[in-house]
Amino acid sequence: MNEPSTPHRNPSAELHTMNERLAAWAACATEDSPALIERFEAMGYAVRGKTREEVEAVLRCPPERAVRG
(Lines give C-alpha, C1' and ligand atoms only; values in the text may rest on other atoms or scores of the structure.)
Protein backbone atom coordinates (compact mmCIF):
# COMPACT_ATOMS: atom_id res chain seq x y z
CA MET A 1 0.00 0.00 0.00
CA ASN A 2 1.26 3.46 -0.84
CA GLU A 3 1.33 6.01 1.94
CA PRO A 4 0.01 9.44 1.05
CA SER A 5 2.81 11.90 0.47
CA THR A 6 3.27 14.54 3.10
CA PRO A 7 3.43 18.04 1.62
CA HIS A 8 6.76 19.79 2.12
CA ARG A 9 6.59 22.16 5.09
CA ASN A 10 8.47 25.42 5.23
CA PRO A 11 8.89 26.24 8.94
CA SER A 12 10.47 29.61 8.19
CA ALA A 13 7.50 30.71 6.09
CA GLU A 14 5.09 29.33 8.66
CA LEU A 15 6.84 31.28 11.42
CA HIS A 16 6.70 34.46 9.36
CA THR A 17 2.98 33.98 8.73
CA MET A 18 2.32 33.33 12.42
CA ASN A 19 4.29 36.43 13.42
CA GLU A 20 2.25 38.53 10.97
CA ARG A 21 -1.00 37.20 12.42
CA LEU A 22 0.13 37.72 16.01
CA ALA A 23 1.22 41.30 15.27
CA ALA A 24 -2.21 42.06 13.78
CA TRP A 25 -4.03 40.46 16.71
CA ALA A 26 -1.87 42.19 19.32
CA ALA A 27 -2.30 45.57 17.60
CA CYS A 28 -6.09 45.18 17.81
CA ALA A 29 -5.84 44.10 21.45
CA THR A 30 -3.89 47.25 22.41
CA GLU A 31 -6.88 49.41 21.47
CA ASP A 32 -8.70 48.21 24.60
CA SER A 33 -5.79 47.43 26.91
CA PRO A 34 -3.60 50.11 28.46
CA ALA A 35 -1.89 47.29 30.39
CA LEU A 36 -0.86 45.61 27.12
CA ILE A 37 0.54 48.89 25.83
CA GLU A 38 2.58 49.19 29.04
CA ARG A 39 3.83 45.62 28.62
CA PHE A 40 4.94 46.22 25.03
CA GLU A 41 6.65 49.44 26.06
CA ALA A 42 8.47 47.56 28.84
CA MET A 43 9.57 44.99 26.27
CA GLY A 44 11.12 47.75 24.12
CA TYR A 45 8.35 48.26 21.56
CA ALA A 46 7.46 51.95 21.05
CA VAL A 47 3.68 51.61 20.69
CA ARG A 48 2.29 54.34 22.94
CA GLY A 49 0.21 56.92 21.05
CA LYS A 50 0.27 55.01 17.76
CA THR A 51 -2.64 53.91 15.60
CA ARG A 52 -3.52 50.22 15.29
CA GLU A 53 -1.76 50.07 11.92
CA GLU A 54 1.35 51.73 13.36
CA VAL A 55 1.38 49.36 16.34
CA GLU A 56 1.11 46.40 13.99
CA ALA A 57 4.11 47.65 11.99
CA VAL A 58 6.14 48.15 15.19
CA LEU A 59 5.33 44.64 16.42
CA ARG A 60 6.48 43.08 13.15
CA CYS A 61 10.06 44.20 13.91
CA PRO A 62 12.48 43.54 16.77
CA PRO A 63 12.18 45.90 19.77
CA GLU A 64 13.77 49.31 19.26
CA ARG A 65 14.83 49.86 22.87
CA ALA A 66 16.50 47.82 25.56
CA VAL A 67 14.13 45.97 27.86
CA ARG A 68 13.21 47.83 31.03
CA GLY A 69 13.84 45.84 34.19
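The largest nonpolar core has nine residues: Ala 23, Ala 26, Ala 27, Phe 40, Tyr 45, Val 47, Val 55, Val 58 and Leu 59. A nonpolar core here is a set of buried Ala, Val, Leu, Ile, Met, Phe, Trp, Tyr and Cys residues joined through side-chain atoms within 4.5 Å. Buried means under 20% relative accessible area, exposed means over 50%, and partly exposed lies in between (1.4 Å probe, protein chains only). The elements giving two or more residues to this core are α1 and α3 (52-59). Helices are DSSP runs of H or I with at least four residues, numbered from the N terminus. In soluble globular proteins, nonpolar side chains tend to be buried together.

This is a predicted model: local features need pLDDT of at least 70, side-chain atom pairs count only at pLDDT 80 or more, and totals for chains, interfaces and linings use all residues. Residues are numbered from 1 along each chain as its sequence is written, and side-chain values use heavy atoms, leaving out hydrogens and water.

Now the helix pair. The axes of α1 (residues 11-30) and α2 (residues 34-42) come within 8 Å and cross at roughly 125°. That makes α1 oblique to α2. Angles under 35 degrees count as roughly parallel, over 145 as roughly antiparallel, 65 to 115 as roughly perpendicular, and the rest as oblique. Axes are lines fitted to C-alpha atoms, for helices over the stretch in contact, and angles run from 0 to 180 degrees between N-to-C directions.

Which residues meet? From α1 come Ala 26, Ala 29 and Thr 30; from α2 come Leu 36, Ile 37 and Phe 40. Contact means heavy atoms within 4.5 Å. The residues of this contact divide into five nonpolar, one polar and no charged. Ala 26 touches Leu 36, Phe 40 and Leu 59, not counting residues up to four places away in sequence.

The buried residues of α2 are Phe 40, Glu 41 and Ala 42. Their cover includes α1 and α3. After α2 comes Gly 44, with a positive phi near 100°.

Arg 21 is found in α1. Arg 21 is exposed, with a relative accessible area of 57%. Its C-alpha atom is separated from that of Glu 41 by 20 Å.

Last, the cysteines. A disulfide is a pair of cysteine sulfur atoms within 2.5 Å, and the count comes to zero. Cys 28 is in no disulfide; the nearest cysteine sulfur, that of Cys 61, is 17 Å away. Cys 28 is partly exposed at 36% relative accessible area, and Cys 61 is partly exposed at 44%.

Notes:
Ala, Val, Leu, Ile, Met, Phe, Trp, Tyr, Cys and Pro count as nonpolar, Asp, Glu, Lys and Arg as charged, and the others, Gly among them, as polar.
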